[in-house]
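Open the model in your viewer and keep the selection panel at hand. The stops below go from one chain to the pair.

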Number of protein chains: 2
Amino acid sequence: MRKAKIKVIVWGLGAMGKGIVEMLNAKEGVEIVGAVVRGPKIGKSMYELIGIDRGHKKDIIAGSFNDVIKEKVADVVILCTDSFVKDSFEKIKYVLEKKINVISTAEEMAYPKAQEKELSDKIDKIAKENNVTVLGTGINPGLIMDLLVTTLTGACMDVEKIRAERVNNLAPFGPAVMKGQGVGISVDEFNNRVKEGTLAGHVGFPESITMIADAIGWNLSDPIKLERAPIISSVYRKTPYAEVQPGYVAGCNMKGYGYVDGELKIEMLHPQQIEPHLEGGTTGDYITIEGTPNINMSITPEIPGGIGTIAMTVNMIPHVINSRPGLKTMIDLPVPRAIMGDMRDLLED
Amino acid sequence: MRKAKIKVIVWGLGAMGKGIVEMLNAKEGVEIVGAVVRGPKIGKSMYELIGIDRGHKKDIIAGSFNDVIKEKVADVVILCTDSFVKDSFEKIKYVLEKKINVISTAEEMAYPKAQEKELSDKIDKIAKENNVTVLGTGINPGLIMDLLVTTLTGACMDVEKIRAERVNNLAPFGPAVMKGQGVGISVDEFNNRVKEGTLAGHVGFPESITMIADAIGWNLSDPIKLERAPIISSVYRKTPYAEVQPGYVAGCNMKGYGYVDGELKIEMLHPQQIEPHLEGGTTGDYITIEGTPNINMSITPEIPGGIGTIAMTVNMIPHVINSRPGLKTMIDLPVPRAIMGDMRDLLED
């Protein structure tokens, strides 16, 4: 086992960044060596910024990316700042050119070539030139509606059709998520925002659908189709960050469709709303594969998104360090796993 | 894409070998170049031996291992002849020394170091010396009670306890399986055979338990405990290969326990019997992880063992060819996946 602990820099101290810091601090064989922030947060204690007790850990003073990220000062930078490839490209490039591996929580980075082929090729090239690896991961995209589906097809001689459904509760999330999903707004406003293209809904279906298709060798014949429909509440619903009156929008029912030879082959359903149980709804992750054999999987309740993304991001650190250089995705690397021992035990010689 | 098709030799033409031949024949970019048999089967048509129509395929004359397996005549030998490492060791060695990769369906080969550390090290060394790869896989061990469990822990910050249960129907299986599970015998005979060590039950719990423990960094503190209990039928049950009178044994309820610091951490339950629905039983695969978060997964009905093992074995061919040399297990390689396109598309340059 190597003597030096695995060194990690966390870029972005929002909800994900905070959770990642907490998880890393609880693990053996790994240490946080830097935190990247912007504006007035620069120069403050990372622990004070995220509001957790640092215990016996040495303090980390958060800094700007160019002050914190110097050549080879860490094994991995965990980048948890964006959802889209184009917004994270320059950051990823900067880290790679400092010869440090990158794990990104940006949803589109889970399979960047799905929508950003050109940037994706550039990232791969820069990573290889600098002998380091880039991976995008998270709970979804990253596991539930793509890697787990792919893994289950491994037991199939043939696959005819795939359906993945994730029914979750947005209650634990903050204002940014509520806005992105249209929670609390009127049905008219929801529909207008869909028309304008300002209602994000779930980000990741093109990535999940393309990842599965590429993994099992299906050529998508048509553009991936996305639909966003309002989930209209018939009751009053309330969370710390949102309030929904009856007749208003409790969330976004996102649907995605992938076609092979013009035929619907991959169907994704992801209704996201606050407090679905108030109308008798249950939550869960469901995968149905029609093939030889048929497979019907359910996880109830759903694996929670926040904890799941934090865990996936940290748990993939050793696989990313071990990987051959370049842009990798979850279907290229060994399976994720919890790390209950020393993280260095998972490093290859 | 490479021009030559992937070349496969199938060693053993039992139920698994037959299924593997059928699946390989239905896939693109791969061809069977040899079949290994023993005794009077030598010199006969592979297709006649397994009783399937060869269509437009060139006939394959089955031969002895030393006639069929010559240096580099294939990319992979699929070895489906044994359950135990010690029985398959010489065969694996022979193939590796001919510089050909091996995929084995022997249950213990899914994680051979669990019970055969010395042979496991030898296999690894021979594989590396010859620049080829060995993998043991199948539905279970290989996916359901180990790789799938491991993958789900990837969404966990912490794991407290793991429970995996596989409830299946042995009805489709032949006389060897019926004998190994004690189907149709009296309770006294079952108990005597357990005492004598001649009732196999499920083979693979030490492998699955050790695979999970190693993957997530748990050190097993005690020997793995195995229990075999008779499933006593209260009704008459019958299949093509077995008959059970009321009061007699319908199958074996196999249990396995893994301990960390003396505490039960991994619990495996695998009742295998014919026609459980005759007493109202349902079948399925169930995984429960106690941790952060808790995860409750079910697949109903269970993924069938025969088809599943055939599929896993064939679907891992490209990963084995791509792999670095040595003895690998399912937790070392990228996730399995169905192959619906040309198998060569999955080969790395």
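The radius of gyration used here is taken over C-alpha atoms, and the globule rule is 2.2 Å times the number of residues to the power 0.38. This is a predicted model.

Select chain A and start with its overall dimensions. For 349 residues the rule puts a compact globule near 20 Å, and chain A has 20 Å, which agrees. Along the principal axes, the C-alpha atoms of chain A fill a box of roughly 55 × 50 × 35 Å.

Switch to a cartoon of chain A. The chain has 11 helices and 14 strands. Next, display contacts within chain A: of those between residues at least 6 apart in sequence, 73% join residues at least 24 apart.

Now colour chain A by accessibility. Buried residues, those under 20% relative accessible area, make up 58% of its 349 residues. Then show the surface: chain A exposes about 13900 Å², with carbon and sulfur atoms supplying 48% of that area.

Select the charged side chains of chain A. There are 40 positive and 45 negative ones, and the centres of the two sets lie 6 Å apart.

Finally, bring in chain B. The same surface serves both copies, as 100% of the contact residues of chain B recur in chain A.

Definitions and conventions: Residues numbered from 1 in each chain as written. Chains lettered and ligands numbered in written order. Predicted model: local features only at pLDDT ≥ 70, side-chain atom pairs only at ≥ 80, totals over all residues. Heavy atoms only, no water. Helix = DSSP H or I, 4+ residues; strand = E, 2+ residues; numbered from the N terminus. Buried < 20%, exposed > 50% of the residue type's maximum accessible area, 1.4 Å probe, protein only. Contact = heavy atoms within 4.5 Å. Areas by Shrake-Rupley, 256 points an atom, 1.4 Å probe, with all protein chains shown as cover. Lys, Arg positive; Asp, Glu negative; His and termini not counted. Charge placed at Lys NZ, Arg CZ, Asp CG, Glu CD.
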